[in-house]
Each structure stands twice: as C-alpha cells, then as structure tokens.
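Dear colleague,

My notes on what was found in it follow directly after.

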Amino acid sequence: MTRTKEQRQTSATRVDDIERMFGARRYQPTADTPAMELRVTSGTKRTDDDWLVPKQLVADCVSGKLVLDFTRARCSRREIDIRVEVDAGAIVLIVPRGWRVDTDGVQPGAGSVANRVKLPRFPGAPLIRVTGQVDTGAVKARYAYRSPLRWLHRSR
C-alpha cells in the first residue's frame with residue numbers, strides 16, 4: 001500500500017501522542033504549593049528516589065553534600081526555581097539528558113559554579129533556574145553517569 005503525499009509529510013507519531021503513552025502529563029501541577037526546603041548542616045543528603053518536584057526549591061548547605069537527583073523525579077513543570085545558599089558544602093544537580101540548567105543567577109564568592117549540562121533542551125523539557133550565592137563551597141550541574149554498557153545501548 002502506498003501512502004499519499006500528505007501522509008508522507010506528516011510524522012507517524014506526534015509529541016502529544018508520545019507524552020500520552022509515557023504518562024508525561026499524568027502528574028499535573030497543583031495549585032501554588034509551598035517551596036520545598038532542603039537543609040544540610042553536615043553529612044550527605046540525597047533526593048534520588050521517586051519524588052514530586054515542586055515549582056520552587058530552597059537548598060541550604062552549610063558543610064556537607066546535598067544531591068538533587070532529577071533522573072527519577074516526577075516533574076510536570078516547564079520551569080523550576082532553585083534558591084541555593086552554600087557555605088562550605090556542595091550542591092550537586094543531576095538531570096536527565098534533554099533538560100537545561102541555568103546557573104547564571106548564582107553569585108560565587110570564593111567557591112565555584114560548574115554547569116556541565118550542555119546538550120540542547122528537548123521540546124517540553126524542564127528548565128531549572130538556579131539563583132543564590134556560594135561562599136567557599138560548590139554548585140555543580142551534570143548528567144547522570146552511564147556505565148560502558150549503557151553507552152552501548154544509548155538508552156538515555
């Protein structure tokens with residue numbers, strides 16, 4: 001069976017169909033939820049389980065490490081605002097490929113700000129805006145590490 005010219009010019013699946021199949025719109029944002037506050041005075045705290053991402057996050061790290069892992073998070077928002085306050089610790093943002101992280105609003109004192117998220121943003125993927133200040137610590141944004149076997153499969 002041959003396809004008509006109009007059928008050949010139209011894609012077989014649309015973005016809305018893919019989002020409906022994989023449940024991207026299943027978690028609709030609720031009304032104005034309060035900002036999630038994450039604080040670390042010493043030690044390590046991770047958010048690597050299945051968690052719901054609010055519109056605003058406040059991350060405070062005195063000394064230690066705070067890891068915000070968005071790879072398994074449920075996120076239905078297009079923009080996420082993160083306010084960081086880092087003294088001598090480190091805040092690490094781990095995002096899936098296709099997301100974008102904007103760290104231009106972070107003011108580094110004697111600390112450092114590293115953004116390793118360089119790939120272009122996928123249509124409809126979230127944009128994370130990071131603002132705040134870093135005294136002697138670090139704020140890092142990166143993708144999740146992949147094993148050599150994952151590199152061969154290209155599953156992410």
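On the surface there is a patch of positive charge in which Lys65, Arg116, Lys118 and Lys140 gather. A patch here is made of residues with over 30% relative accessible area and no salt bridge, with like charges joined within 9 Å and nonpolar side chains (Val, Leu, Ile, Met, Phe, Trp, Tyr) within 5 Å. Lys and Arg count as positive and Asp and Glu as negative, while His and the chain ends are not counted, and the place of a charge is taken as NZ of Lys, CZ of Arg, CG of Asp or CD of Glu. Lys118 counts as exposed because its relative accessibility is 62%; the terms used are buried for under 20% relative accessible area, exposed for over 50%, and partly exposed in between (1.4 Å probe, protein chains only).

Please keep in mind that this is a predicted model, in which local features need pLDDT of at least 70 and side-chain atom pairs count only at pLDDT 80 or more, whereas totals for chains, interfaces and linings use all residues. Residues are numbered from 1 along each chain as its sequence is written, and side-chain values use heavy atoms, with hydrogens and water left out.

As to the overall make-up, the protein chain has three helices and 10 strands, where helices (H or I, at least four residues) and strands (E, at least two) are DSSP runs numbered from the N terminus. Read from the N terminus on, the order of the elements is α-α-β-β-β-β-β-β-β-β-β-β-α. Of the 156 residues in the protein chain, 34% count as buried. The protein chain exposes about 10,100 Å², of which carbon and sulfur atoms supply 51%; accessible areas come from the Shrake-Rupley method with a 1.4 Å probe, and for residues only the protein chains shown count as cover. Among contacts (heavy atoms within 4.5 Å) between residues at least 6 apart in sequence, 67% join residues at least 24 apart.

Next, the charged pairs. Side chains of opposite charge can pair when their charged atoms come close. A search of the whole structure finds five salt bridges, a salt bridge being a side-chain nitrogen of Lys or Arg within 4 Å of a carboxyl oxygen of Asp or Glu. In one of them, the side chains of Arg74 and Asp50 meet at 3.5 Å, N to O. Because Arg74 lies in the loop between β4 (65-69) and β5 (79-86) and Asp50 in the loop between β2 (44-47) and β3 (56-61), this pair ties together parts that are 24 residues apart in sequence. Arg74 is partly exposed, with a relative accessible area of 26%, and Asp50 also counts as partly exposed, at 47%.

Glu79 and Arg129 form another salt bridge, at 2.7 Å from N to O. This pair links distant parts of the chain, with Glu79 in strand β5 and Arg129 in strand β9, 50 residues apart. Glu79 is partly exposed at 34% relative accessible area, and Arg129 is partly exposed at 31%. Glu37 forms a salt bridge with Arg39, their closest N and O atoms being 3.0 Å apart, and Glu37, Arg39 and Asp60 are linked in a network of salt bridges.

Finally, some buried positions in the strands. Ile128, in strand β9, is buried, with a relative accessible area of 0%. Not counting residues up to four places away in sequence, Ile128 touches Phe70, Ile80, Ile82, Val95, Trp99, Arg100, Val101 and Asp102. Thr103, found in strand β7 (residues 100-108), is buried at 11% relative accessible area, and, leaving aside neighbours within four places in sequence, is in contact with Val113, Asn115 and Val130. Ala138 lies in strand β10 (residues 138-143) and counts as buried at 11% relative accessibility. The C-alpha atoms of Ala138 and Val86 are separated by 7.2 Å, although these residues are 52 apart along the chain. Beyond its neighbours within four places in sequence, Ala138 is in contact with Val86, Gly89, Ala90, Ile91 and Ser112.
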